[in-house]
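User: Could you walk me through the side-chain contacts in this one? I'd like to go question by question.

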Amino acid sequence: MNTPFPLKGIAAKIGIFLLIALLSSCNTLKRVGEDELLLTKNTILVDGEKVLDEDIKSLIVQKPNTRVLGYPLRLNLYNLAKKDPDSTFQAWLHKKPGREERLANLLSQKQVDALGESFFVKGYSEWLKKIGEAPVVIDTSRARKTLQRLNSYYGSKGYFNNSTTFKIREEKREQRAAIDYNVTLGKPFYIDSLSRNIASPAIDSLYQRTRENSFIKEKKQFDLTDFNNERQRLTELFRNSGVYNFQESSITYDILRDTTEIRDDQQMNVELNIDNLRKRSDTAITTSEYKVFSFEKINIYADYEFGDETETLQSTEFENYTIYFKEKLRYKPKALTDAIFFEKDSLYRDLDRLRTYRQITNLNTFKYPNIQILEDSTQTKLISNIFLTARPKYSLGLNLDITHSNIQRLGIGFSSSLITRNVFGGAETLSLSARGTFGLLSDTSLPEDFFSEVGADINLTFPRIWFPLLNTKRIIPNFMLPKTSISAGTSFQKNIGLDKQTLNSILRYGWVPNTYKRNSLELLNILYVRNVNPDRFFNVYTSTYESLDDIADNYEDDPVLADFFDSTDDPDDPNLIIPEGTTGFTQAVLDGTITTDTDDFIDVSRIEERRDRLTENNLIFSSNYTFTKNNKGGINDNSFYQFRLNLESAGNLLSGLSYVIPFNQNDNDNLLVFGVPYSQYVKTEFDFIKHWDLSRSNVLAFRSFLGVAIPYGNSESVPFVRSYFAGGSNDNRAWFPYSLGPGSSSDINDFNEANLKLAFNLEYRFPIVGNIKGALFADAGNIWNVWDNVDDPAKTFSGFESLADIALGTGFGLRYDFTYFVFRVDTGFKTYNPAEVQSKRWFRDYNFSNAVIQIGINYPF
């Protein structure tokens, strides 16, 4: 959603001046006592070298007040609050004799008392204190606590004899000081020998098999992290090797030093202890040896409800699984057993338990399952009870959206979806959805200012790879959460662009090897796009119309063109009539009816070529594969990367069939299917995102994108729906969507598109107050035409010299974090505009009157 920036230059300067005056008037030391020092900086020095590691710096207990771009905003907001608003109000109330009585007579005593508690008297001060931040005054007790943390940290790294001190360093500015924390490490301790004391023979045998993978090794410097990692490794090893009840607390280490020999006192011996299983009863604690367990029986309780009596259920056996149900089994047995990774006579593995949870959830048919593990009567085998509670057979969803953009003055959207689960008994999901958007357009030059778009979709999902005559389990096993989706949809537009009608059908496969990798394969994606009103081309692409009209003005006196112009608005400057005049003029130029100069002929032919391409109907038979990888550890992980690769090919299937089926051809020798030339192209995209967690919720985010679509065979250009555009809230934010490029062209307000795109985004994100965040950003990139039928030098990519057309937008943004989503407002400035002449490209429109406001939901990357 985009909105033009209304603030003019003078008003902006006045606002900035007032803001600077307000901020400069704040006294940073207002709440700092005479004998106190405001903390401004912390520095950690280890053996004289400054520490930059944020993990180590986080050990400091007392940190300076937060700053927004170097300014202590929250501290000064706190200082703006009145220290004691109650007493201030009472002093004002009794400053003049009789003031309280006069107010009480005018309002009432109750209202006078309420005035003292109101927001304007007391509430705003409390609010300022809440969003602000009290001054951080140096506290030596907290500094000593920091020393203890540093001592413990470096002790955990093997520097047991380290020493720590701190020094308060007063600054030249009044009542301000920094603290230097000095750490002297001393000699580190090393592991001299390893030994073990393992009580259970089964555990000892498992340990022996993998001891070479231990994190703890001889001659390695002591590091407590290695011991924690080894404890975690052993726990995972045992619990994935049949020891279902292994307790991590059974693992301990003894650090021993041999004082009987004369040796380097920095050496130590490590003994690994793994005790037996400890069981606590009401009366005592008992121990027993750990054992390796395998499964004797696996029970699946379908349609289980809490409190059901399992003894009354019916049962059936299927491939060594026992399935319990009530009156009738509503699921195909294989659909249930394929989601269970426990097998009869197989060893227990925690990994299989986790995979079972994930796959059952992936079915979208059951709620989160309850998996129970029990020992049998001999206490040598396991029994697994898996309780499955069904989701509702049907569910209905309703949504309402209100939108606004530079194209839509107001839009109201409705959507509804009906989901049916377990359609064929194999946990399949059928989804039917309908949607509609209605509203008013911003551009009232169109025939009507009312627009609408309606559509419907049907989607059938299988929780497996459905591919006839081919067993895909060996390639994509069930633990990869395989899915097959078959969908079809249609949509109809009125008064939007050229009023497209679309039909779409997709056969898609998806699988997730692990938490960090995702694959999607669209084996067949069929898209038919029909432009209902191609005669409205010049109404929609106004910049193209203006270019054509300017050329036509040079020949308006030619009698051949007399009927092509409308002089109603301005007799001295008549305009081409749409569509009769525009079509007649281009035909007259191209067929030589009127004589034009070479440049005008080339420009008209390019305009007509663009019109043909954007008004033609499209038939796309494509296949594409998308691979996504990231290493994000969780929602709070701010240091991660994400990579996405997409490969797409279109038209090859129909091209192959053309050797068997005699397709018709049009005048340009393009093969036709159902009367429409099918598209043929290859497309690839690389998208890389990297985030760095700087400190204290400050994040640096970077994104790079490269995409190219190359037409060939039956196509000379890429369909509009598969081409690229630049600008918008998630792209270059100094330009509106579709308004940037291609190249150095200046087709402003058109839907500009091309088949090559480069984009680079850099954003610095920082907290301001509470849930309000800020950002500074720089967006660079552009689109070009390459290897297609566009020959305009300003729009085509001709090599490295075309990189000079990369546009640069910079700006700032505000975000409000609602926890579940982020509301975002960005203000972008055209810093380098390749559409301008060379001497005016830098900072030509770098002002608030030409700024662009972009509104979005969540972060752009």
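User: Which residues are linked in a network of salt bridges?

Analyst: Quick caveat before that: this is a predicted model, where local features need pLDDT of at least 70, side-chain atom pairs count only at pLDDT 80 or more, and totals for chains, interfaces and linings use all residues. Residues are numbered from 1 along each chain as its sequence is written, and side-chain values use heavy atoms, with hydrogens and water left out. A salt bridge here is a side-chain nitrogen of Lys or Arg within 4 Å of a carboxyl oxygen of Asp or Glu. The network of such bridges links R733, E763, R765, D779, R815, R824 and D826.

User: Where in the chain do E648 and R722 sit, and how many residues apart are they?

Analyst: Their side chains form a salt bridge, 3.0 Å from N to O. This pair links distant parts of the chain: E648 is in strand β26 (residues 640-650), while R722 is in the loop between β31 (698-711) and β32 (756-769). Helices (H or I, at least four residues) and strands (E, at least two) are DSSP runs, numbered from the N terminus.

User: On to the rings. Why is the pair F222 and F227 classed the way it is?

Analyst: The structure holds 40 aromatic pairs. Rings of Phe, Tyr and Trp (its six-membered ring) pair if their centres lie within 6.5 Å; planes under 30 degrees apart count as stacked, over 60 as edge-to-face and the rest as tilted. F222 and F227 have ring centres 5.0 Å apart and planes at 40°, so the pair is tilted.

User: What about F238 and F246, which geometry do they form?

Analyst: F238 is at 0% relative accessibility and therefore counts as buried. F246, at 3%, counts as buried too. Their ring centres are 4.8 Å apart with 65° between the planes, and the aromatic pair is edge-to-face.

User: Which lysine lies over the face of F725?

Analyst: F725 is one of the rings in a cluster linked by ring pairs, along with F537, F538, Y541, Y545, F720, Y738 and F751. A charge sits over a ring if NZ of Lys or CZ of Arg is within 6 Å of the ring centre and within 35 degrees of the ring normal. At 5.7 Å from the ring centre of F725, the residue over the face is K757.

User: Last one: which residues does L147 touch, leaving out those up to four places away in sequence?

Analyst: L147 is in helix α8 (residues 140-156). Its relative accessible area is 11%, so L147 is buried. With contact meaning heavy atoms within 4.5 Å, L147 touches T164, T165, F166 and Y181.

Terms used
Buried means under 20% relative accessible area, exposed over 50%, partly exposed in between (1.4 Å probe, protein chains only).
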